[in-house]
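Please examine the sequence and the model shown here.

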Amino acid sequence: MSDNSDCLSVTCQASPNIALIKYWGKRNEELILPDNDSLSITLDLGELHSDTTVSTSSSMTCDTFYFDGIQQTKLSKRMQKVLDEVRRRSKNDQIKFVEIRSHNTFPASSGLASSASAYASLAIALTKLFNLENPQSTAAYLARIGSGSAVRSVYGGFVRWSSEGECLSSCIYPVEHWPELRLIILIFNSSKKLVSSTDAMQRTRETSTLFQARLSTVNDKIEKLIQAIKIKDFNTFAKIVMMDSSQFHAVCMDTYPPVIYLNEQSKHLIDLVHAFNKTDENETMKVAYTFDAGPNPFCFIREEHVDEFLSLLKHFYSSNNDNIHKQVSNIDGNFSSINLPIMANALERIVLTKIGSGPKII
Amino acid sequence: MSDNSDCLSVTCQASPNIALIKYWGKRNEELILPDNDSLSITLDLGELHSDTTVSTSSSMKCDTFYFDGIQQTKLSKRMQKVLDEVRRRANNDQIKFVEIRSHNTFPASSGLASSASAYASLAIALTKLFNLENPQSTAAYLARIGSGSAVRSVYGGFVRWSSEGECLSSCIYPVEHWPELRLIILIFNSSKKPVSSTDAMQRTRETSTLFQARLSTVNDKIEKLIQAIKIKDFNTFAKIVMMDSSQFHAVCMDTYPPVIYLNEQSKHLIDLVHAFNKTDENEMMKVAYTFDAGPNPFCFIREEHVDEFLSLLKHFYPSNNDNVHKQVSNIDGNFSSINLPIMANALERIVLTKIGSGPKII
């Protein structure tokens with residue numbers, strides 16, 4: 001931080017969000033206006049958050065960006081765009097330069113995209129630092145032009161990003177609404193090849209013959225999902241979430257050339273969840289999965305089933321590393337009815353988390 | 001074969017076919033009427049064929065079926081259905097029992113489904129044995145009710161299976177039409193878990209939100225593909241075939257629960273083909289892939305590019321087993337521009353083949 005008497009500084013922490021109904025396709029690239037509404041759960045700050053500190057002082061002569069303490073040679077185009085918009089709105093007589101320091105508590109290899117939490121924390125911090133008007137919608141706007149789905153991370157709980165009108169986000173149900181809901185993130189040891197979502201989603205739009213059909217299903221799906229969340233109907237919630245995940249990956253497959261994010265381990269987990277859900281005699285769903293633009297599953301589950309599911313994971317993803325399954329109580333489930341192979345040492349890490357209350361200025 | 005003076009016997013050889021536009025979904029289960037037209041290439045009898053001998057004599061007391069020389073405990077439901085239809089059409093005063101002996105020259109693990117070639121050879125042999133009327137359409141009908149896409153294997157060359165009217169097949173262009181066209185089948189060493197297509201395609205019909213959109217694209221696609229075949233426009237042929245393959249796998253992914261046939265090796269080959277096609281300075285396509293209900297790719301290529309492609313395969317799929325790449329001349333291609341990993345020992349076998357002239361009675 002610059003050493004100066006007029007130095008102002010704001011630090012914001014924000015978490016990633018997990019999409020229940022995916023965003024995939026922009027109808028406007030410049031402003032990042034999505035083709036369809038999307039719905040997500042913002043994670044608890046807990047272990048997974050991006051921390052961004054923005055500072056300004058009259059002694060700064062240019063914008064600087066530090067990631068994990070290391071100064072980056074330049075700001076990305078998107079970050080520049082955010083700053084330009086901040087300055088446009090702040091109407092200062094003189095340009096105020098900023099120093100941005102950002103850090104993620106979760107590594108890039110964790111399978112969690114950090115751009116949503118990073119840009120959400122940046123947007124909120126800048127909004128506060130520059131004392132911009134209508135701070136909530138301004139921060140949402142800045143997050144959106146920075147990184148699309150970051151707009152959903154500016155709120156906690158269940159968040160909807162609208163594809164119409166101002167195309168901003170809103171909290172549909174707060175974190176307190178469904179306290180029993182938990183998230184379990186499985187991080188496989190797959191090769192971590194990064195594929196640019198921006199390019200891929202554009203190619204889907206241009207080449208997929210099934211894309212329009214997907215768009216036509218979204219609004220109805222969202223309304224049904226919101227209803228299921230409202231009454232805490234996990235069965236319906238699970239089915240809609242899993243089906244949207246599959247449909248998203250389907251239009252990616254239907255892209256030319258094909259975009260394939262799932263791998264063997266993803267497929268195994270899919271089969272495992274379906275088999276596990278079937279073991280319930282009342283056919284009550286216990287677990288739902290969703291996959292973003294990568295092979296790692298995000299699982300939704302209610303607290304009462306967590307131990308059983310962790311035992312299942314310990315059984316099917318046995319590991320030499322004791323740390324991975326350290327949270328398993330010694331429940332031995334009867335998994336003999338599940339006819340799937342054991343994938344030894346496939347899992348690198350399990351993250352247990354829950355819905356979060358949204359970003360914090362600290 | 002029964003030892004009897006009135007014993008009649010017919011032997012037919014038929015090959016598998018590779019779908020260019022896939023059949024996936026039945027609008028009538030009983031008669032196996034498909035939801036959409038499909039188009040395929042019948043393979044050369046060469047190394048890959050099913051041989052079925054059907055015999056009848058008055059001393060037979062029941063139907064018997066021998067597979068690879070071993071008597072099976074009973075006939076499958078589909079086989080029984082075929083025989084029932086044969087008898088219905090034969091109008092014999094007395095029931096004539098049959099002995100069926102069938103053998104495939106390619107193993108079940110070769111990635112090639114044998115039911116098409118097996119039922120085509122059975123249908124043709126039975127039609128001849130019982131001297132049924134309208135032998136061509138009768139054999140097609142019998143093949144169809146036996147195993148759907150077997151209807152396409154009763155002809156050689158480029159074959160279309162209609163989803164309207166009688167729902168039979170016809171040869172669109174004969175084997176002589178495009179003599180430079182070759183097929184290269186890659187058999188990976190993946191685990192060979194068979195998944196029932198019949199169940200999976202029914203689930204797609206019932207649960208996929210994108211299935212109807214696929215159906216609505218098929219007729220136009222087929223017309224364009226037939227036109228491309230007519231004028232031997234490989235670029236257009238390649239693009240349509242690859243896109244239909246992807247769209248088929250997309251609706252499988254969009255099924256609940258998801259049906260995923262492709263694996264890492266499939267994905268690698270997809271990336272490899274796209275990268276290889278890009279190396280051509282005129283952006284001429286050299287190779288096209290298609291995948292059926294399994295992870296092994298069927299590649300289409302013109303004779304002039306075969307050596308170069310085999311070199312590419314040798315480079316990216318090196319093997320300790322010298323047999324795998326035995327057909328490679330020593331052309332060293334320049335593959336340094338292709339930024340993909342090498343998958344050592346992933347390939348079990350490469351089959352080079354071509355379009356075939358159709359079944360043979362021998």
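Two strands are said to pair if DSSP finds at least two bridges between them. Helices (H or I, at least four residues) and strands (E, at least two) are DSSP runs, numbered from the N terminus. This is a predicted model, in which local features need pLDDT of at least 70 and side-chain atom pairs count only at pLDDT 80 or more, while totals for chains, interfaces and linings use all residues. Residues are numbered from 1 along each chain as its sequence is written, chains are lettered from A and ligands numbered from 1 in the order in which they are written, and side-chain values use heavy atoms, with hydrogens and water left out.

In chain A, strand S12 (residues 181–188) and strand S14 (residues 297–302) run antiparallel and are joined by 5 bridges. Within this pairing, A:Leu183 has A:Phe300 of S14(A) as its bridge partner. Both strands belong to an open sheet of 4 strands in chain A, ordered S13-S14-S12-S15, with antiparallel pairing. At its edges are strand S13 (287–291) and strand S15 (347–354) of chain A, each of which pairs on one side only. Neighbouring strands of this sheet are turned by 25° against each other on average, direction ignored; axes here are lines fitted to C-alpha atoms, for helices over the stretch in contact, and angles run from 0 to 180 degrees between N-to-C directions.

Helix H6 (residues 234–253) of chain A lies across S12, S13 and S14 of chain A and runs at about 25° to S13(A). Helix H7 (residues 264–278) of chain A also packs on the sheet and touches S12, S13 and S14 of chain A, its direction making about 160° with that of S13(A).

Chain B has an open sheet of 4 strands, in the order S13-S14-S12-S15, with antiparallel pairing. Strand S13 (287–291) and strand S15 (347–354) of chain B stand at the edges with a single partner strand each, so one side of each has no neighbour in the sheet. Strand S12 (residues 181–188) of chain B runs antiparallel to S15(B) and is joined to S15(B) by 7 bridges; B:Phe188 has B:Leu347 as its bridge partner in S15(B). H6(B) lies across S12, S13 and strand S14 (297–302) of chain B, at about 25° to S13(B). Helix H8 (residues 306–316) of chain B lies across S12, S13, S14 and S15 of chain B, at about 10° to S12(B).

How many residues does each chain give to the contact between chain B and chain A? The contact takes 28 residues from chain B and 28 residues from chain A. The area buried between them is about 2,500 Å², of which carbon and sulfur atoms give 72%; buried area is the accessible area (1.4 Å probe) that two parts lose on being put together, summed over both. In chain B, the residues that lose the most area to chain A are B:Leu210, B:Met253 and B:Tyr256, together 25% of what that side buries.

On a 1 Å grid over the protein atoms alone, a cavity is a set of points where a 1.4 Å probe fits but cannot get out, and lining residues have an atom within 4 Å of a point. Grid points are joined across faces, edges and corners, and a volume is the space filled by probe spheres set on the points. A search of the whole structure finds 2 cavities of 30 Å³ or more. The largest cavity, with a volume of about 40 Å³, is lined by A:Met253, B:His249, B:Met253, B:Val259, B:Ile260, B:Tyr261 and B:Leu262. The second largest cavity holds about 30 Å³ of space, and its lining includes A:Leu310, A:Ile324 and A:His325.

Finally, the backbone has some local features. The peptide bond from A:Tyr256 to A:Pro257 is cis, with omega near -10°, and A:Pro257 is in the loop between H6 and H7 of chain A. In chain B, a cis peptide bond joins B:Tyr256 and B:Pro257, with omega about -5°. B:Pro257 is placed in the loop between helix H6 (234–253) and helix H7 (264–278) of chain B.

Note on methods
Contact means heavy atoms within 4.5 Å. On a 1 Å grid over the protein atoms alone, a cavity is a set of points where a 1.4 Å probe fits but cannot get out, and a pocket is an open set with protein on both sides within 12 Å along at least five of seven lines; lining residues have an atom within 4 Å of a point.
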